[in-house]
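Colleague: I would like to go through this structure with you. Can we take the helix packing, then the ligands?

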Amino acid sequence: MILVTGGAGFIGANFVLDWLAQSGEAVVNLDKLTYAGNLETLASLKDDPKHVFVQGDIGDSELIDRLLAEHQPRAVLNFAAESHVDRSIHGPEDFVHTNVLGTFRLLESVRGYWSGLAPESKQAFRFLHVSTDEVYGSLSATDPAFTEENKYEPNSPYSASKAASDHLVRAWHHTYGLPVLTTNCSNNYGPFHFPEKLIPLMIVNALAGKPLPVYGDGMQVRDWLYVKDHCSAIRRVLEGGKLGETYNVGGWNEKPNIEIVNTVCALLDELRPRADGRSYREQITYVTDRPGHDRRYAIDAHKLERELGWKPAETFDTGIRKTVEWYLDHAEWVRNVQSGAYRDWVKKQYEAAA
Ligand code: NAD
Ligand code: DAU
């Protein structure tokens, strides 16, 4: 079996659902259930004996030691993190706590477990760390896309904490020989995405008749990847990745934010037209920019294609349509994640940016 951390969040839950749909191998899913973790996303696995959910912190060494000893996983996949850049600007401490200290403690527990394995299991074991393209910093309009050789130049508390975690993972391989793999992925989108991030926030606000807040001039560029393609890349790296190596994962879909927002509006105009017949575009509102806002990210995913034969299955057009349709069909999931804590966050973030 495998142990997944952060498997009640956006990407982790998509990964667990896909994994269990495609392989017979059991999953122990450890998640702290912060505001971003949601068991409703995993409701379809309630009676699946192959899914064991444990609420807990990756920094709780006693718990992790116990889970490793009890379940004897052949791999640990670390998705758990504080993941939202804007939240990291308002309150960086949780990011250092989970992304840096939590990853350190998890690595130490895994190292202890791995050291005690029999030679064959020890050789087969993998620790896969899920990271981000944001560790490479910001590109100008003409810079080439990030390769695995780019320098780390993180600019936000979030990306700095993820960069620190990547360095720890690298060092645990170099110093202790822990069999690690790291993936650095671009912006994901798709089902079960928490509506604090750009695409789900725009869909949810549009349908609620609220403003669509675009930071600054809306010309910042992100490279979008449908979440299920990220999951397939992780499966591929787990299966065939070279120990100690990093793999960039991206969708070859660079787009300025305003184009994303316009596309979401156009799809909603088609699929769920406004009662007054006007376009959702009328709700677009330019607001104060994010402090330290990175201008452009772009991923060169050639290494993953060349060495492991991975390519994304979705284009942006197919993926974004599926995503908008998913949100239209899952109004109850959205309602349930919009708890009191979510409303407090939205008030704090967008009142300050207005
Ligand atoms: P998310 O915020 O939706 O989910 C994070 C999950 O981790 C939540 O379920 C949360 O409860 C859990 N968690 C937080 N702290 C924890 C702790 N201390 N112990 C155990 N569980 C904890 O994030 P996501 O978007 O699914 O991102 C998952 C991973 O992928 C993160 O490591 C993130 O840095 C990385 N990543 C995300 C993107 C993206 O576009 N969302 C892109 C590249 C990489
Ligand atoms: O690049 C990978 C990263 O992508 C991941 O590591 C992060 O976990 C993930 O949150 C994401 O970070 P971003 O900051 O790029 O994503 P976000 O959805 O917050 O913002 C996308 C772009 O949209 C960014 O340029 C900021 C802008 N934006 C965002 C929000 C929430 C707006 O213009 N308005 C908004 O209200």
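Modeller: What follows is a short exchange on a predicted model.

Colleague: How are α1 and α8 oriented, parallel or perpendicular?

Modeller: Take α1 as residues 10-22 and α8 as residues 227-240. Their axes come within 9 Å and cross at roughly 65°. Angles of 65 to 115 degrees count as roughly perpendicular. So α1 is roughly perpendicular to α8.

Colleague: Which class of residue has eight members in the contact of α1 with α8?

Modeller: From α1, the contributors include Phe10, Ile11, Phe15 and Trp19. From α8, they include Val227, Cys231, Ile234 and Leu238. Three residues of the contact are polar and three are charged. The class with eight is nonpolar.

Colleague: Which residue has a polar side-chain atom 2.6 Å from an oxygen atom of ligand 2?

Modeller: Ligand 2 has 24 residues around it, and Asp133, Tyr158, Arg290, His293 and Tyr350 come nearest. A polar backbone atom of Leu198 is 2.8 Å from a ligand oxygen. For a side-chain N or O atom of Arg222, the value is 2.9 Å. At 2.6 Å, the residue is Arg290.

Colleague: And ligand 1: which residue places a polar side-chain atom 2.7 Å from an oxygen atom there?

Modeller: Of the 28 residues around ligand 1, the nearest are Ile11, Asp31, Ser83, Tyr158 and Lys162. Phe10 has a polar backbone atom 3.1 Å from an oxygen of ligand 1. A backbone N or O atom of Phe79 also lies 3.1 Å from a ligand 1 oxygen. The side-chain contact at 2.7 Å comes from Tyr158.

Terms used. Residues are numbered from 1 along each chain as its sequence is written. Chains are lettered from A and ligands numbered from 1 in the order in which they are written. This is a predicted model: local features need pLDDT of at least 70, side-chain atom pairs count only at pLDDT 80 or more; totals for chains, interfaces and linings use all residues. Side-chain values use heavy atoms; hydrogens and water are left out. Axes are lines fitted to C-alpha atoms, for helices over the stretch in contact, and angles run from 0 to 180 degrees between N-to-C directions. Helices (H or I, at least four residues) and strands (E, at least two) are DSSP runs, numbered from the N terminus. Angles under 35 degrees count as roughly parallel, over 145 as roughly antiparallel, 65 to 115 as roughly perpendicular and the rest as oblique. Contact means heavy atoms within 4.5 Å. Ala, Val, Leu, Ile, Met, Phe, Trp, Tyr, Cys and Pro count as nonpolar, Asp, Glu, Lys and Arg as charged, and the others, Gly among them, as polar. A residue is near a molecule or strand if one of its heavy atoms lies within 4 Å of it. A polar contact is a pair of N or O atoms within 3.5 Å; within protein, one must be able to donate a hydrogen and the other to accept it, and residues adjacent in sequence count only if both atoms are side-chain atoms.
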